[in-house]
Number of protein chains: 2
Amino acid sequence: QPSSGSHQTLKEPSKPQRVMVIGGDGYCGWATALHLSNKGYEVAIVDSLVRRLFDHQLGIDSLTPIHSIHNRLRCWKSLTGKTIELYIGDICDFEFLSETFKLFEPDAVVHFGEQRSAPYSMIDRSRAVYTQQNNVTGTLNVLFAIKEFREQCHLVKLGTMGEYGTPNIDIEEGYITITHNGRTDTLPYPKQASSFYHLSKVHDSNNIAFTCKAWGIRATDLNQGVVYGVRTDETEMHEELCNRFDYDGVFGTALNRFCVQAAVGHPLTVYGKGGQTRAFLDIRDTVQCVELAIANPAQPGEFRVFNQFTEQFSINDLATLVTKAGEKLGLNVQSISVPNPRVEAEEHYYNPKHTKLVELGLKPHILSDSLLDSLLNFAIKYKDRVDTKQIMPSVSWRKIGVKTRTIAA
Amino acid sequence: QPSSGSHQTLKEPSKPQRVMVIGGDGYCGWATALHLSNKGYEVAIVDSLVRRLFDHQLGIDSLTPIHSIHNRLRCWKSLTGKTIELYIGDICDFEFLSETFKLFEPDAVVHFGEQRSAPYSMIDRSRAVYTQQNNVTGTLNVLFAIKEFREQCHLVKLGTMGEYGTPNIDIEEGYITITHNGRTDTLPYPKQASSFYHLSKVHDSNNIAFTCKAWGIRATDLNQGVVYGVRTDETEMHEELCNRFDYDGVFGTALNRFCVQAAVGHPLTVYGKGGQTRAFLDIRDTVQCVELAIANPAQPGEFRVFNQFTEQFSINDLATLVTKAGEKLGLNVQSISVPNPRVEAEEHYYNPKHTKLVELGLKPHILSDSLLDSLLNFAIKYKDRVDTKQIMPSVSWRKIGVKTRTIAA
Ligand SMILES: NC(=O)c1ccc[n+]([C@@H]2O[C@H](COP(=O)([O-])OP(=O)(O)OC[C@H]3O[C@@H](n4cnc5c(N)ncnc54)[C@H](O)[C@@H]3O)[C@@H](O)[C@H]2O)c1
Ligand SMILES: NC(=O)c1ccc[n+]([C@@H]2O[C@H](COP(=O)([O-])OP(=O)(O)OC[C@H]3O[C@@H](n4cnc5c(N)ncnc54)[C@H](O)[C@@H]3O)[C@@H](O)[C@H]2O)c1
């Protein structure tokens with residue numbers, strides 16, 4: 001039983017101390033857990049490790065070698081003297097989640113623990129349903145656990161910029177003020193998600209907003225852009241702490257895949273026209289943003305939404321940047337267009353706002369720098385581990401069917 | 001194997017013939033299945049009968065005596081010579097749903113088959129999660145079944161006016177044109193649902209909209225108001241066809257409960273201030289609306305939204321109307337205010353549009369007439385069956401917890 005003295009922070013919500021990182025064995029969660037531990041927070045990781053199972057099932061692997069969560073945490077302890085508690089289990093199992101809440105007594109929960117790949121959710125019917133059940137039920141359970149066991153606990157929930165889609169007007173941070181037939185109201189920003197994964201995040205946002213209103217939950221929804229990069233201050237302290245780097249057609253994002261393609265001399269695979277524009281940020285900014293959200297919590301009953309990204313690029317922009325950076329490193333980089341496996345606009349207006357985290361103090365990294373020191377350099381360093389069969393897209397938005405598919409590379 | 005000749009309607013989508021009614025043993029579904037059968041459609045009912053199980057579990061019952069689905073269908077056949085096919089099973093079981101699609105080959109699916117009570121979804125955590133899983137997964141399965149087995153099939157999906165909440169601007173039918181910072185787009189109308197049930201409908205709408213875009217599904221989302229009344233032309237043909245009438249605190253709507261309260265001399269229980277305003281329609285208009293939607297199907301890829309209601313009233317308006325109608329029938333009706341178990345605005349602007357179904361030909365019934373010939377008269381006829389312990393609200397939006405509750409009357 002931890003001494004209740006350490007929980008006085010509940011009365012000073014501006015400085016929560018005990019942070020539960022759900023999904024803390026994953027890409028963003030691992031970097032965040034170490035960062036918060038380093039900054040003096042008491043951290044617990046909650047994770048079912050199901051993401052490692054997906055990799056086995058799909059026959060894919062991180063470019064960087066990653067260690068078991070148990071060894072990662074032992075290494076962290078021996079380097080820094082800091083303990084990160086570990087709870088292995090599925091948050092869809094409410095009995096498990098209740099126990100973790102009772103034992104750890106979090107002041108903030110950072111919830112990364114979802115199936116997070118759009119292509120994964122479009123492989124077949126059972127993965128589509130799994131994605132929505134896993135994500136929606138997990139988040140509902142977290143909301144109930146907070147209501148029942150830690151009413152003052154601040155929920156920091158990872159959403160995605162993909163929830164908004166590509167409307168033909170500016171994208172605001174969560175809400176939009178609409179004047180219509182002479183009356184005005186501020187309403188949730190209309191969402192147009194375009195995969196079962198992105199839709200699961202929209203469902204989550206709607207569920208969380210309701211519980212803030214009905215139960216007084218305090219929540220921050222971080223609509224995150226596409227995260228890139230491997231390095232954070234903590235993960236580079238030891239190779240056993242190294243973060244994952246996905247480059248396959250299911251979990252790898254366009255930018256990661258371009259870097260790997262550049263490193264192995266494969267042409268960059270641009271989907272369709274390449275005018276698709278998205279929001280991006282460095283993993284070092286993810287951990288900063290999450291810390292800023294925790295340090296400046298939402299008020300009871302507040303459903304706060306931040307657009308968490310630093311720059312925006314089209315796919316063609318990315319190809320150009322990777323080509324240029326590759327040249328600096330002596331690589332000769334080509335691009336090709338491949339048929340777009342997704343259903344998405346390939347040319348569109350895109351102007352999402354992202355001032356709230358900057359106002360809280362975010363100091364952004366810049367992609368053109370990161371390419372050289374946290375992306376291409378890793379791709380080159382580990383290029384012997386590249387499995388080129390994983391590079392091409394393997395999932396089609398239109399061809400998804402009801403039969404369970406085995407999509408080994 | 002039905003002759004494929006009868007399926008030429010697929011090429012003339014304006015007159016689909018084979019209609020699958022999911023949830024056809026329920027209140028709206030039963031009236032709709034009989035109505036469509038009467039009008040010459042080939043009808044199949046798909047239902048797990050889980051709603052009858054909820055009644056057993058909660059210790060509640062329909063005011064009107066209802067017969068087994070098997071006897072209902074035998075009675076219909078003997079009265080009219082018409083066969084309604086019956087498939088008993090859970091649409092969350094995709095193997096079952098696939099079989100029904102392959103056997104019946106629907107041209108239209110009317111999907112009523114969800115857990116449809118807001119209070120039910122707020123009883124405890126497990127019912128909240130059940131409601132979202134049952135409704136979201138069921139609808140996902142229907143979408144996959146259409147894509148895989150009946151690409152041209154028109155999905156007519158029951159949503160609710162409650163998806164919109166009570167914004168301070170006019171409510172449009174599904175979409176709103178927004179001009180923002182000098183640019184204009186037409187976007188999904190922002191939703192603010194206020195129970196896990198209503199949220200499940202928002203999730204469904206978002207999922208369906210995506211599949212219309214990605215797969216070319218043709219869908220009509222009927223955002224239905226609160227349905228009242230027992231009588232339809234078909235159900236009154238024989239007492240074995242009688243529809244259900246819910247008046248309990250979980251499945252009964254305010255209007256039904258007021259009628260039963262008036263009939264047994266219990267004061268009408270107004271939640272809070274009674275300024276809550278909602279949209280309403282007669283069950284005879286529900287069956288008309290669904291037929292109009294089927295007869296005028298959405299185009300491939302179109303996600304069409306109709307607001308399906310005819311009049312709007314505040315709770316206080318309803319109490320006044322029931323009091324007046326009761327007086328005509330010789331009843332002395334009182335009202336009391338009870339603490340509002342829900343979290344909702346008790347005074348608010350409310351102006352939802354509902355012209356699209358009228359344009360298609362809807363001829364509305366009027367509540368003040370229906371009270372006398374389809375509501376109060378039934379409440380009085382069956383008043384000896386009233387269980388007064390079921391009349392008061394038993395579920396609180398704020399007190400919902402994680403322990404499984406047995407809320408017997
Ligand atoms: N990586 C990105 O570019 C990006 C962009 C926007 C948003 N996000 C969001 O950030 C979060 C983390 O993304 P990531 O890239 O680190 O994903 P990841 O797959 O690397 O990590 C997710 C972790 O959650 C765990 N998990 C999943 N379901 C769980 C459950 N039911 N119970 C317990 N643990 C569970 C997995 O085992 C995994 O370790 C996700 O919610 C994702 O949607 C990521
Ligand atoms: N009654 C209203 O006032 C009202 C208002 C607005 C919208 N609606 C919507 O209309 C639809 C029908 O409402 P109702 O009042 O007739 O409800 P109901 O409970 O009387 O009927 C629903 C039927 O669906 C069946 N069902 C539920 N889950 C199922 C599953 N997974 N597989 C197979 N069958 C399943 C139930 O057994 C039941 O017979 C619902 O979707 C509801 O949300 C109703």
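This is a predicted model: local features need pLDDT of at least 70, side-chain atom pairs count only at pLDDT 80 or more; totals for chains, interfaces and linings use all residues.
**Entry 1**

I began with the strands of chain A. I found 7 strands forming an open sheet, in the order 3-2-1-4-5-8-12, with parallel pairing. At the edges sit strand 3 (85–88) and strand 12 (303–308) of chain A, each of which pairs on one side only.

Next I picked one pair to follow by eye. Strand 1 (residues 18–22) and strand 2 (residues 42–47) of chain A run parallel and are joined by 5 bridges. A handy place to look is A:Val21, which stands opposite A:Ile45 in strand 2 of chain A. Helix 1 (residues 27–38) of chain A packs on the sheet, where it touches strand 1, strand 2 and strand 8 (218–224) of chain A. I noted that the direction of helix 1 makes about 165° with that of strand 2 of chain A.

**Entry 2: where the chains meet**

How many residues does each chain bring to the contact? I noted 54 from chain A and 55 from chain B. The area buried between chain A and chain B is about 5,000 Å², and carbon and sulfur atoms give 65% of it. On the chain A side, A:Phe144, A:Arg183 and A:Phe210 lose the most area to chain B, together 13% of what that side buries. I looked for salt bridges between chain A and chain B as well, and the count is 0.

**Entry 3: helix 10 of chain B**

I then moved to helix 10 (residues 315–328) of chain B, which has 14 residues. From its first C-alpha to its last it reaches 20 Å, close to the 20 Å expected at 1.5 Å a residue. Which of its residues are buried? My list reads B:Ile315, B:Leu318, B:Ala319, B:Val322, B:Thr323, B:Ala325 and B:Gly326. These buried residues pack against several elements of chain B, including helix 8 (254–264), strand 13 (311–314) and helix 12 (367–381). After the helix comes B:Gly330, with a positive phi near 85°.

**Entry 4: one threonine in chain B**

Last, I visited B:Thr139, in helix 6 (residues 125–149) of chain B. Is B:Thr139 buried or exposed? B:Thr139 counts as buried because its relative accessibility is 1%, and the cut-off for buried is under 20%. Leaving aside residues up to four places away in sequence, B:Thr139 touches B:His111, B:Glu114, B:Lys157, B:Asp204 and B:Ile208. I also noted B:Asn207: it lies 68 residues from B:Thr139 along the chain, and their C-alpha atoms are separated by 8.4 Å.

Conventions. Residues are numbered from 1 along each chain as its sequence is written. Chains are lettered from A and ligands numbered from 1 in the order in which they are written. Side-chain values use heavy atoms; hydrogens and water are left out. Helices (H or I, at least four residues) and strands (E, at least two) are DSSP runs, numbered from the N terminus. The expected span of a helix is 1.5 Å times one less than its number of residues. Buried means under 20% relative accessible area, exposed over 50%, partly exposed in between (1.4 Å probe, protein chains only). Contact means heavy atoms within 4.5 Å. Two strands pair if DSSP finds at least two bridges between them. Axes are lines fitted to C-alpha atoms, for helices over the stretch in contact, and angles run from 0 to 180 degrees between N-to-C directions. Buried area is the accessible area (1.4 Å probe) that two parts lose on being put together, summed over both. A salt bridge is a side-chain nitrogen of Lys or Arg within 4 Å of a carboxyl oxygen of Asp or Glu.
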